[in-house]
Amino acid sequence: MFAARQTFNLFQKRAFSASASQASKVTVLGAAGGIGQPLSLLLKLNPRVSELSLYDIRGGPGVAADLSHINANSTVTGYEPNTEGLHAALKGSEIVLIPAGVPRKPGMTRDDLFNTNASIVRDLAKAVAEASPEAKILVISNPVNSTVPIVSEVFKARGVYNPKRLFGVTTLDVVRASRFISQVQGTDPSAEKVPVVGGHSGVTIVPLLSQSGHASLAGEARDALVNRIQFGGDEVVKAKDGAGSATLSMAMAGARFAESLLRAAQGEKGVIEPTFVDSPLYKDQGIDFFASRVELGANGVEQIHSVGEINEYEQKLLDACLVDLKKNIQKGVDFVKANP
Ligand SMILES: NC(=O)c1ccc[n+]([C@@H]2O[C@H](COP(=O)([O-])OP(=O)(O)OC[C@H]3O[C@@H](n4cnc5c(N)ncnc54)[C@H](O)[C@@H]3O)[C@@H](O)[C@H]2O)c1
């Protein structure tokens with residue numbers, strides 16, 4: 001309750017400092033879903049957002065009508081589920097978040113979602129490329145390791161690809177890592193900073209505990225923590241028992257990433273978030289996308305940080321990550337080539 005009030009007060013304070021010149025249209029594609037609804041709510045509460053635009057194949061206008069009664073300054077519009085509605089939702093957007101697609105059921109990996117979500121993301125990417133090619137695109141739909149390359153291929157084919165503006169949202173891995181390490185170490189989770197690099201599924205999620213301030217964690221305790229960070233999403237899928245995957249924590253993570261981008265766009269320096277981007281770090285190994293700490297700026301990616309110094313244990317995790325990541329990325333690229 002206290003934390004909630006603090007967050008609200010923070011938003012209110014910022015409301016007075018956000019000027020009209022910083023007007024930002026933010027669009028959510030998949031806005032009526034498990035993630036889409038709480039994500040849209042958090043964006044409605046963010047005074048940096050001046051125009052919130054909601055699209056879904058079902059229920060967008062209903063969610064928009066509901067949120068539009070909240071006494072925050074931004075306008076909220078829900079669009080009809082057709083091509084015109086989609087293009088109107090996107091036109092002039094600074095940020096487009098994509099949580100459209102199906103979530104996991106117990107026993108599924110994120111890759112099992114590929115067949116359904118690949119075409120959803122490809123088609124939405126086509127619309128973004130046409131209606132708002134300048135927008136920063138935040139891909140939440142899984143498998144992120146493949147859906148981000150899908151968006152890049154669609155943009156490349158249309159000659160509008162800007163690698164600085166495409167992001168796979170891996171923030172939830174970082175949020176989970178902070179929470180889980182605090183439970184082991186008895187610390188304040190909001191003060192924890194654990195870099196998580198690689199990708200966003202299973203062994204491609206590589207937490208760098210040696211850079212976390214808890215470098216001394218070792219043995220079984222470390223192994224269990226790393227495993228929990230890599231497979232934490234499964235805990236939620238199992239507990240929801242067929243009703244989906246993480247939605248509320250994911251909404252928080254997505255809203256945090258969007259807020260970081262808006263802060264950077266509005267001139268703040270030194271805004272850093274780990275995110276899955278077109279990255280030079282492992283291109284020599286044929287891996288075009290990689291998540292690491294990225295400094296954000298007015299145009300999106302400002303500077304990509306390397307993984308830094310890692311220990312032998314983390315190097316092994318990274319080696320395993322790179323093998324899977326390469327296949328996941330290739331799968332996305334091949335999909336668009338075969339199904340343009
Ligand atoms: N990146 C992450 O860390 C992370 C975390 C959790 C979930 N996810 C992923 O996010 C996605 C959404 O999860 P959810 O729980 O919100 O699912 P959900 O089924 O509750 O919601 C998905 C929404 O997308 C909509 N949709 C489907 N096709 C669409 C299209 N073509 N255009 C617009 N909207 C469309 C659906 O109508 C639905 O409202 C899943 O792929 C899930 O795996 C990612």
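## Strands and how they pair

Two strands pair if DSSP finds at least two bridges between them. Strands themselves are DSSP runs (E, at least two residues), and helices are DSSP runs too (H or I, at least four residues); both are numbered from the N terminus. This is a predicted model, in which local features need pLDDT of at least 70, side-chain atom pairs count only at pLDDT 80 or more, and totals for chains, interfaces and linings use all residues. Residues are numbered from 1 along each chain as its sequence is written.

Start with strands S10 (residues 289–297) and S11 (residues 300–304). They pair in the antiparallel sense, over four bridges. A hairpin of two residues joins S10 to S11. Across the pair, Glu-295 stands opposite Gln-303 of S11.

Now take strands S2 (residues 51–55) and S3. They pair in the parallel sense, over four bridges. Leu-52 has Val-76 in S3 as its bridge partner. S3 spans residues 75–78 and has two faces. Val-76 and Gly-78 form the covered face, while Thr-75 and Thr-77 form the uncovered one.

## Two domains

The protein is divided into domain 1 (22–168) and domain 2 (171–338). These bounds come from an automatic or database domain assignment. The two centres, taken over C-alpha atoms, are 21 Å apart.

How many residues of each domain are in contact with the other? Domain 1 has 45 residues in contact with 42 residues of domain 2. Contact has a cut-off: the C-beta atoms of the two residues, placed from the backbone, lie within 7 Å. On the side of domain 1 that touches domain 2, six elements each supply at least two residues: helix H2 (36–44), strand S4 (95–98), helix H5 (114–131), strand S5 (136–139), helix H6 (144–157) and strand S6 (166–168). H6 gives the largest share of that side, ten residues. The residues of that side divide into 24 nonpolar, ten polar and eleven charged. Here Ala, Val, Leu, Ile, Met, Phe, Trp, Tyr, Cys and Pro count as nonpolar, Asp, Glu, Lys and Arg as charged, and the others, Gly among them, as polar.

Pro-143 is found in the loop between S5 and H6. The peptide bond from Asn-142 to Pro-143 is cis, with omega near -5°.

## Helix H7

H7 (171–185) has 15 residues, which should span 21 Å at 1.5 Å a residue; its end C-alpha atoms are 21 Å apart, so the two agree. The expected span is 1.5 Å times one less than the number of residues in the helix.

Buried residues of H7 include Thr-171, Leu-172, Phe-180 and Ile-181. A residue is buried if 20 or more other C-beta atoms lie within 10 Å of its own, exposed if 12 or fewer, and partly exposed in between, with C-beta atoms placed from the backbone. The buried residues of H7 pack against S7, S8, H8, H9 and strand S9 (271–278).

Why does Val-175 count as buried? Val-175 counts as buried because it has 21 C-beta neighbours inside 10 Å. Val-175 is found in H7. Leaving out residues up to four places away in sequence, Val-175 touches Ser-249 and Ala-253. Val-175 and Ile-229 are 54 residues apart along the chain, and their C-alpha atoms are separated by 9.6 Å. After H7 comes Gly-186, whose phi is positive, near 65°.

## Helix H8 and its kink

H8 (residues 219–240) has 22 residues. From its first C-alpha to its last, H8 reaches 31 Å, close to the 32 Å expected at 1.5 Å a residue. Where is the kink in H8 centred? The kink is centred on Phe-231 and is about 60°. A bend at a residue is the angle between axes fitted to the seven residues ending there and the seven starting there.

In H8, the buried residues are Leu-225, Val-226, Ile-229, Gln-230, Gly-233 and Val-237. The buried residues of H8 pack against H7, strand S7 (196–198) and strand S8 (205–207).

## After H8

Asp-241 is found in the loop between H8 and helix H9 (248–265). Its phi is near 50°, a positive value in a residue other than glycine. Asp-241 counts as exposed because 9 other C-beta atoms lie within 10 Å.

## Tyr-313 in H10

Tyr-313 lies in helix H10 (residues 312–338). Is Tyr-313 buried or partly exposed? Tyr-313 counts as partly exposed, because it has 14 C-beta neighbours inside 10 Å. Tyr-313 and Val-197 are 116 residues apart in sequence and 14 Å apart in space, C-alpha to C-alpha.
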